[in-house]
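Subject: Structure for your review

Dear colleague,

Please find below the structure that I am handing over to you. I would be grateful if you would look through it alongside the notes that come after it.

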Amino acid sequence: MKIGDIIVCKVTAIKQFGVFIKYQEYTGLIHISEISDLYVEDITECIEVNENIHAIILNIDENSKRLELSYKKAHFDDLEIAKKYKIKKGFKPLRQRLNKWVEKKEK
């Protein structure tokens, strides 16, 4: 196993910031920025817990047995992902959510 390899790993948890995986004796994270080049509002719209997914290894920490991975680099057809899961891109989706984020932060 080396950086740049595509592996099939199992999703163990999904958080707002990314996806946790298990591969052999390693655990890992796919940060939300490595899910897609398009805006992803909810990771669970395209990945599920216990699902086996393909990912590319970005970094390996042998001491802690941890991997940093990329989902988007293992899936070359990002536009098909966007269509399938209705992922929105650009600033309009961000602008539409801005007021909700400000209200939430003020609370």
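The notes below describe what was found, beginning with the overall layout and ending with individual residues.

Please bear in mind that this is a predicted model. The protein contains two helices and five strands, and their order along the sequence is β-β-β-β-β-α-α. Among contacts in the protein with a separation of 6 or more, 60% are made by residues 24 or more positions apart. The accessible surface of the protein is about 7500 Å², and carbon and sulfur atoms contribute 52% of that surface.

As to the interior, 34% of the 107 residues count as buried. In soluble globular proteins, nonpolar side chains tend to be buried together. The largest nonpolar core here has 21 residues, and those touching the most other members are Val19, Ile30, Ile47, Leu67 and Leu69. Two or more residues of this core come from each of β1 (6-15), β2 (18-23), β3 (26-31), β4 (52-61) and β5 (66-70).

Ser70 lies in strand β5 and is buried, because its relative accessibility is 0% and the cut-off for buried is under 20%. The side chain of Ser70 comes to 3.2 Å from the backbone nitrogen of Lys73. If residues up to four places away in sequence are not counted, Ser70 touches Ile30, Glu34, Ala55, Ile56 and Leu58.

Next come the aromatic rings. A pair of aromatic rings is described by the distance of the centres and the angle of the planes. The structure has one aromatic pair, formed by Phe17 and Phe20, with ring centres 5.8 Å apart. Their planes stand at 90°, so the pair is edge-to-face. Phe17 is partly exposed, at 41% relative accessibility, and Phe20 is likewise partly exposed, at 30%.

Finally, a word on cysteines. A disulfide is a covalent bond between the sulfur atoms of two cysteines. How many disulfides does a search of the whole structure find? The search finds zero. Cys9 is buried, with a relative accessible area of 1%, and Cys46 is buried as well, at 7% relative accessibility.

Yours sincerely,
A colleague

Conventions. Residues are numbered from 1 along each chain as its sequence is written. This is a predicted model: local features need pLDDT of at least 70, side-chain atom pairs count only at pLDDT 80 or more; totals for chains, interfaces and linings use all residues. Side-chain values use heavy atoms; hydrogens and water are left out. A disulfide is a pair of cysteine sulfur atoms within 2.5 Å. Buried means under 20% relative accessible area, exposed over 50%, partly exposed in between (1.4 Å probe, protein chains only). Rings of Phe, Tyr and Trp (its six-membered ring) pair if their centres lie within 6.5 Å; planes under 30 degrees apart count as stacked, over 60 as edge-to-face and the rest as tilted. Helices (H or I, at least four residues) and strands (E, at least two) are DSSP runs, numbered from the N terminus. Contact means heavy atoms within 4.5 Å. Accessible areas come from the Shrake-Rupley method with a 1.4 Å probe; for residues, only the protein chains shown count as cover. A nonpolar core is a set of buried Ala, Val, Leu, Ile, Met, Phe, Trp, Tyr and Cys residues joined through side-chain atoms within 4.5 Å. A polar contact is a pair of N or O atoms within 3.5 Å; within protein, one must be able to donate a hydrogen and the other to accept it, and residues adjacent in sequence count only if both atoms are side-chain atoms.
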